[in-house]
Amino acid sequence: MVFERFQQYGLRINVSKSVMGADQVEYLGFLITAEGSRPLPEKVQAILNYKLPETIHDMRTFLGMINFYRRYLKDAAKTQAHLHELLKGAKKKDRRKVHWTDDTRRSFEKCKTNLAEVALLSFPRSGLPLSLCTDASDFAVGAVLQQLENEGWKPIAFYSKKLNETQTREFEQPDERFSVVHIDLIGKLPPSEGMQYCLTCIDRFSCWMEAIPIPEITAEIVGRAFYEKWICRFGVPAKLVTDQGRQFEAELFRSIAAICGAKVAHTTSYHPQCNGKVERLHRTLKGAIKAHNNIRWTESLPAVLLGLRAAIRPDISYAIAQMVYDTSIKLPGEFFDPPTINMDPQNFIAKLQQHMAELKPLKSPTNRKHNIFVHKDLESCSHEFIRIRRVKKH
């Protein structure tokens, strides 16, 4: 089969440099077997015998050697963090002496131990279930890609990265509700009750969201809306995350935040992932509002927010409202039952009833039955010829 592929694709091999029918092959510092790959034992032993680096140049050489096998190492960034700190401000072929501490010595020995205990990495196989497991600390992130083989998860590759100072600030995890809030703006939207924009706010810890309709996006209007609709209800957050919109950069908005005691953090230009929490909310809000097919989006917005807060999140099996109030919120009964009160069509209550009726799941219409052709001789024949239409595999 292998030779047929060579011939099919016009490939040529050097017989003198080829090995056929071997159980394992050594290739570019790796040991390749049918089960997977691992670093060559002699290469690993050479790194294990590496003496304690005396200079910055020696330290850089050691890290380069061990990181050649980085995808085999779990939590490499975390383990090597103290050693990389020694390289800050280093020059090419820097001969300055390394100032060793207990932490750096432990990191050096831990790097060796991890290399000696590397796992066999499996080869990706088509059709097997994959799993990506991730983890993070205050200064590094890590992941492992694995696949399900013989009722067990086998690693394919490890990944890890040390966060820089900017990424560390962006990755800061809140320790309580409403301590870190992401805010942004949506618009320009079709005019509805005098409103053309929305100030969106979402709490990083609980994911509680607010969408506040506003007529304009001046710094004064945005600052007042945030104060009245968020701060007066949930208190002052320790940190506000915004993009670099002129409303949030304005001195007025900064003054409001300073008076309240909130720290404003701006995302990197042209990098919306930094404020991804609120950007994903925008996508959900816009899709839900469009689904209502109501040009007066300010009427649909409260019901949309109610649904988002009451929906069970599959990742934590709780609703957002439960994260905030520690209990489920009760939904209006007419979400589930027909209305029992008749109201004036121009009345607000009547409009609310109509709106809830549109939100209720409706029975799917019964499809019209098609007449199926049955040959008249089918009842009396002794044999049948059945043709199966399928795509031929080449």
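Student: Let me start with one residue. In which loop does Glu151 lie?

Tutor: Glu151 sits in the loop between β5 (140-149) and β6 (152-162). Keep in mind as we go that this is a predicted model.

Student: Nice. Let me zoom out for a moment. How many helices and strands does the protein have?

Tutor: The secondary structure comes to 13 helices and 13 strands. Of the 394 residues, 34% are buried. For contacts with a separation of 6 or more, 57% are between residues 24 or more positions apart.

Student: Now helix packing. By what are two packed helices described?

Tutor: By two numbers: the angle between their axes and the distance between those axes. Take α7 (residues 219-234) and α9 (residues 251-260): they pack at about 30°, with their axes 8 Å apart. An angle under 35 degrees counts as roughly parallel, and α7 and α9 are therefore roughly parallel to each other.

Student: Which residues make the contact of α7 and α9?

Tutor: From α7 come Ala219, Glu220, Val222, Gly223, Tyr227 and Ile231, and from α9 come Leu252, Phe253, Ile256 and Cys260. Sorted by class, the contact has eight nonpolar residues, one polar and one charged.

Student: On to aromatic rings. By what is a pair described?

Tutor: By the distance of the ring centres and the angle of the planes. In this protein the count comes to 14 aromatic pairs. One to look at is Phe30 with Tyr69: the centres are 5.4 Å apart and the planes meet at 80°, so this pair is edge-to-face. The cut-off behind that label is a plane angle over 60 degrees.

Student: Which parts of the chain does the pair of Phe30 and Tyr69 link?

Tutor: Distant ones, 39 residues apart: Phe30 is in strand β2 (residues 30-33), while Tyr69 is in the loop between α3 (56-66) and α4 (76-85). Phe30 is buried at 16% relative accessible area, and Tyr69 is buried at 3%. Tyr69 also pairs edge-to-face with Tyr72, at 6.4 Å between centres and 70° between planes. Tyr72 is buried as well, with 2%. Elsewhere, Phe178, Trp208, Trp230, Phe234 and Tyr325 form one aromatic cluster.

Student: Which peptide bond is cis?

Tutor: The one from Gly187 to Lys188 is cis, with omega near 15°. Lys188 lies in the loop between β7 and β8. In β7 (residues 180-186) you find His182, which is buried at 3% relative accessible area. The side chain of His182 makes a polar contact of 3.0 Å with that of Arg204.

Student: And with which residues is Tyr197 in contact?

Tutor: Leaving aside neighbours within four places in sequence, the list is Ile186, Gly187, Lys188, Ile212, Pro213, Ile214, Pro215, Glu216, Ile217 and Trp297. Tyr197 is in strand β8 (residues 197-203) and is buried, at 12%. Its C-alpha atom is 7.2 Å from that of Ile217, 20 residues away along the chain.

Technical notes:
Residues are numbered from 1 along each chain as its sequence is written. Side-chain values use heavy atoms; hydrogens and water are left out. Axes are lines fitted to C-alpha atoms, for helices over the stretch in contact, and angles run from 0 to 180 degrees between N-to-C directions. Helices (H or I, at least four residues) and strands (E, at least two) are DSSP runs, numbered from the N terminus. Angles under 35 degrees count as roughly parallel, over 145 as roughly antiparallel, 65 to 115 as roughly perpendicular and the rest as oblique. Contact means heavy atoms within 4.5 Å. Ala, Val, Leu, Ile, Met, Phe, Trp, Tyr, Cys and Pro count as nonpolar, Asp, Glu, Lys and Arg as charged, and the others, Gly among them, as polar. Rings of Phe, Tyr and Trp (its six-membered ring) pair if their centres lie within 6.5 Å; planes under 30 degrees apart count as stacked, over 60 as edge-to-face and the rest as tilted. Buried means under 20% relative accessible area, exposed over 50%, partly exposed in between (1.4 Å probe, protein chains only). A polar contact is a pair of N or O atoms within 3.5 Å; within protein, one must be able to donate a hydrogen and the other to accept it, and residues adjacent in sequence count only if both atoms are side-chain atoms.
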